[in-house]
Amino acid sequence: MGDAGTGTKRRKMGERKEANNSKKSAATKWPNIKPKLNLQIHRLKDTDLFTVKNFFTSAESRAFVKVAESMGFAHQGSLGPLKGEAYRDNDRISVNDPVLADAIWESGLSKLFTDIKIRGKVAVGLNPSIRFYRYKVGQRFGKHIDESVSLGDGKRTHYTLLIYLSGGVKAKAKNDPSTPNDTSLEPLVGGETVFYGSRNNLVAEVAPTEGMALLHIHGDKCMLHEAQNVTKGVKYVFRSDVVFA
């Protein structure tokens with residue numbers, strides 16, 4: 001199941017086309033995203049894969065989690081590898097919100113892409129199709145690739161954007177009224193995003209850290225990757241795509 005299979009096999013193990021169950025977000029009150037002035041790219045092993053620490057503040061990350069939980073997640077599964085689909089077990093929300101996409105893009109992400117061109121095209125914004133993923137204990141997303149998507153008018157997605165909304169050391173708030181069995185208050189263990197090379201060799205392993213962004217090229221050059229099993233706590237992720245034109 002290596003990265004070398006660029007034909008039918010590669011497409012078969014791609015990310016399953018997600019059900020069209022987008023929620024309307026017109027009345028959703030998203031957190032205000034502060035401008036980030038000193039974002040630093042950390043490139044992983046000379047690949048089209050990099051992380052950006054503190055892309056969201058802790059307050060922003062937790063506010064997104066709170067809003068997402070209030071909207072309600074739906075389970076996302078798959079037919080599994082025997083049917084040509086990557087194993088998938090997580091919970092998901094999808095919204096279409098160009099205003100939110102623009103706010104996140106302009107908060108600092110646009111500057112990180114000023115020198116990145118693909119086939120002569122430049123990054124122009126985020127895909128307004130925004131997804132929130134939740135992984136509870138025992139949930140994971142098996143090895144897969146992310147497809148490039150045409151948005152019309154010459155626009156196409158070329159990078160996956162993941163922003164971890166939980167992870168790292170997370171202390172319980174004092175006098176928190178939540179019940180002791182609330183797993184969202186437990187430190188996240190597991191849930192690493194792992195990337196593999198053409199011979200199924202390990203290229204990079206990224207541990208979820210609250211507020212950190214992970215960006216990687218997708219489509220024909222996408223590395224095979226997986227979201228590993230969560231063993232403690234809850235993993236929350238913001239997902240969109242960088243659009244080029």
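User: Is R119 buried or exposed?
Analyst: R119 is exposed, with a relative accessible area of 67%; exposed means over 50%, buried under 20%, and partly exposed in between, with a 1.4 Å probe and protein chains only. This is a predicted model, in which local features need pLDDT of at least 70, side-chain atom pairs count only at pLDDT 80 or more, and totals for chains, interfaces and linings use all residues. Residues are numbered from 1 along each chain as its sequence is written, and side-chain values use heavy atoms, with hydrogens and water left out.

User: Where is R119 found?
Analyst: R119 sits in the loop between strand 5 (117-118) and strand 6 (121-126). Strands (E, at least two residues) and helices (H or I, at least four) are DSSP runs, numbered from the N terminus. R119 is not a glycine, yet its phi is positive, about 50°.

User: What about the phi of N54?
Analyst: The phi of N54 is near 55°, again a positive value in a residue other than glycine. N54 belongs to the loop between strand 2 (49-52) and helix 2 (58-71), and it counts as exposed at 55% relative accessibility.

User: Now E210: buried or exposed?
Analyst: E210 counts as buried, at 16% relative accessibility. It lies in the loop between strand 13 (202-206) and strand 14 (213-217).

User: Which residues is E210 in contact with?
Analyst: Leaving aside neighbours within four places in sequence, E210 contacts S58, S61, R62, Y164, L165, S166 and G167, where contact means heavy atoms within 4.5 Å.

User: Changing topic, how many cavities does a search of the whole structure find?
Analyst: The search finds two cavities of 30 Å³ or more. On a 1 Å grid over the protein atoms alone, a cavity is a set of points where a 1.4 Å probe fits but cannot get out, and lining residues have an atom within 4 Å of a point. Points are joined across faces, edges and corners, and a volume is the space filled by probe spheres set on them.

User: How much space lies in the largest cavity, and which residues are closest to its centre?
Analyst: The largest cavity holds about 160 Å³. It is lined by 17 residues, of which Y133, Y135, F141, H144 and L162 are the closest to the centre.

User: Which elements give two or more residues to that lining?
Analyst: They are strand 7 (129-135), strand 8 (140-144), strand 10 (155-164), strand 15 (224-227) and strand 17 (235-244).

How values were computed: 1 Å grid on protein atoms, 1.4 Å probe; cavity = no way out; pocket = protein on both sides within 12 Å on 5 of 7 lines; lining within 4 Å.
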